[in-house]
Amino acid sequence: MDIGGRRSGRGTAVADIGLGTAFAVAIVFQAIALAVSWGGRYWLFDLAAGVVVCTIALTRRRHRVRATVAGLAVAAGTILVARAAELPAEPGPAMALGLAVLMGSAVRTLAVAWAGAASVAGLAVVILSHLATAPSSSGAVAALNGIGWVAALTVGLCLRLFDTGRRATIDRVRRDERLELAREMHDVVAHHITGIVLQAQATQILARRRPENQENSLAGIETALAGIETAGSEALTAMRRVVGVLRDTDDAAPAMPGPEHLSELVRRFDNHGPAVRLRLPDGPSAWPPEVTTTVYRVVQESLTNVSRHAPHARSVEVSVAQDRQAVRVEVLDDAPPAPAGSPLRSGYGLVGMRERVEALGGTLCAGPRPRQGWSVIATLPVAVREPR
């Protein structure tokens with residue numbers, strides 16, 4: 001379940017509905033204005049041209065380059081036909097709005113060369129509109145299109161800069177999370193390799209014992225070799241799970257935090273946040289070190305998000321469960337629904353959590369609960385070592 005993707009799809013649909021409504025209002029307004037001022041059926045041509053360009057603007061996401069070219073071409077052709085047939089000057093308000101959407105979208109999303117070409121072509125349409133305006137006209141239509149071009153260029157550039165900054169921040173968060181995992185891998189592998197070295201040294205000592213202790217020596221050597229095999233397997237498993245997934249925070253997790261560290265983390269949060277109920281698995285939890293640290297990080301980041309974005313939450317429930325295949329971490333709060341228009345909890349902390357969880361082959365789902373509150377659910381696979 002990709003809540004983030006689903007929320008983005010809903011946001012796009014809402015934006016398109018709002019934009020379509022604005023187009024419809026502009027088209028109807030222009031048709032009524034022309035029918036009143038020009039009389040007859042002069043409004044039909046403007047209506048048809050406005051509908052075409054606005055439709056192209058609504059479907060721009062399918063192919064932005066083609067949509068921009070088609071919209072500008074229709075606008076240029078409409079200007080020439082209106083001038084030759086002595087129809088009301090074009091583009092009208094509805095078409096100008098559609099062209100502004102196409103221009104702003106092109107400047108925001110297309111490659112630099114295409115965005116520049118779209119800007120120049122849009123300016124050419126504005127100039128053509130001015131040149132085609134009858135001398136007796138006030139030039140209001142050309143002025144309207146000029147304002148639309150400037151607004152589209154400004155908004156498109158601002159959104160392009162915002163998107164670039166956001167992508168850079170997301171890349172930095174992901175890089176930092178990978179560096180944190182790399183440091184953890186170094187600690188884990190160094191721990192196992194040290195154990196291998198100690199076991200190998202003990203084996204050499206046993207091998208040099210006198211012949212009368214040969215039977216005990218062989219038993220000790222066999223035990224030491226089994227220990228070396230186990231330590232080596234654990235080191236290789238840790239490397240396979242983390243290698244290639246290369247975050248540095250002031251409140252970093254302990255090197256190898258266990259469930260007791262989660263209890264300490266919850267106690268610290270209780271001092272400046274809502275009450276937290278913590279449920280841990282019964283009995284010892286023999287998780288791989290990289291899974292243990294990730295469980296800690298998910299709980300830490302989730303509690304941080306509660307303190308930042310849900311100040312009215314009364315309680316938080318943290319549950320950690322384990323079976324033979326996976327560890328499941330669930331953090332639920334009961335914050336009341338956010339007012340309309342307020343930002344959702346979709347900051348860069350979720351990006352880091354998802355990067356870490358998915359790097360270990362797990363899944364992470366975060367989003368609003370059905371009635372109130374927010375949930376973060378992470379599932380991390382764990383390998384169960386069969387008895388030898």
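Student: Is Trp-38 buried, partly exposed or exposed?
Tutor: Trp-38 is partly exposed, as its relative accessible area is 42%. Buried means under 20% relative accessible area, exposed means over 50%, and partly exposed is in between (1.4 Å probe, protein chains only). Do keep in mind that this is a predicted model: local features need pLDDT of at least 70, side-chain atom pairs count only at pLDDT 80 or more, and totals for chains, interfaces and linings use all residues. Residues are numbered from 1 along each chain as its sequence is written, and side-chain values use heavy atoms, with hydrogens and water left out.

Student: OK! How many aromatic pairs does the structure hold?
Tutor: One. Trp-38 and Tyr-42 make up that tilted pair, with 5.2 Å centre to centre and 55 degrees between the planes. Rings of Phe, Tyr and Trp (its six-membered ring) pair if their centres lie within 6.5 Å; planes under 30 degrees apart are stacked, over 60 edge-to-face, and the rest tilted.

Student: New topic. Which residues line the largest cavity?
Tutor: Among them are Leu-72, Met-103, Val-125, Asn-145 and Trp-149. On a 1 Å grid over the protein atoms alone, a cavity is a set of points where a 1.4 Å probe fits but cannot get out, and lining residues have an atom within 4 Å of a point.

Student: How many of the lining residues are nonpolar, polar or charged?
Tutor: Nine are nonpolar, three are polar and none is charged. Ala, Val, Leu, Ile, Met, Phe, Trp, Tyr, Cys and Pro count as nonpolar, Asp, Glu, Lys and Arg as charged, and the others, Gly among them, as polar.

Student: Is Ser-302 buried or exposed?
Tutor: Ser-302 counts as buried because its relative accessible area is 3%. Setting aside neighbours within four places in sequence, Ser-302 is in contact (heavy atoms within 4.5 Å) with Val-331, Met-353 and Val-376.

Student: Last one: how many disulfides are there?
Tutor: Zero, counting a disulfide as a pair of cysteine sulfur atoms within 2.5 Å. Cys-54 is buried at 3% relative accessible area, while Cys-158 is partly exposed at 48%.

Key. On a 1 Å grid over the protein atoms alone, a cavity is a set of points where a 1.4 Å probe fits but cannot get out, and a pocket is an open set with protein on both sides within 12 Å along at least five of seven lines; lining residues have an atom within 4 Å of a point.
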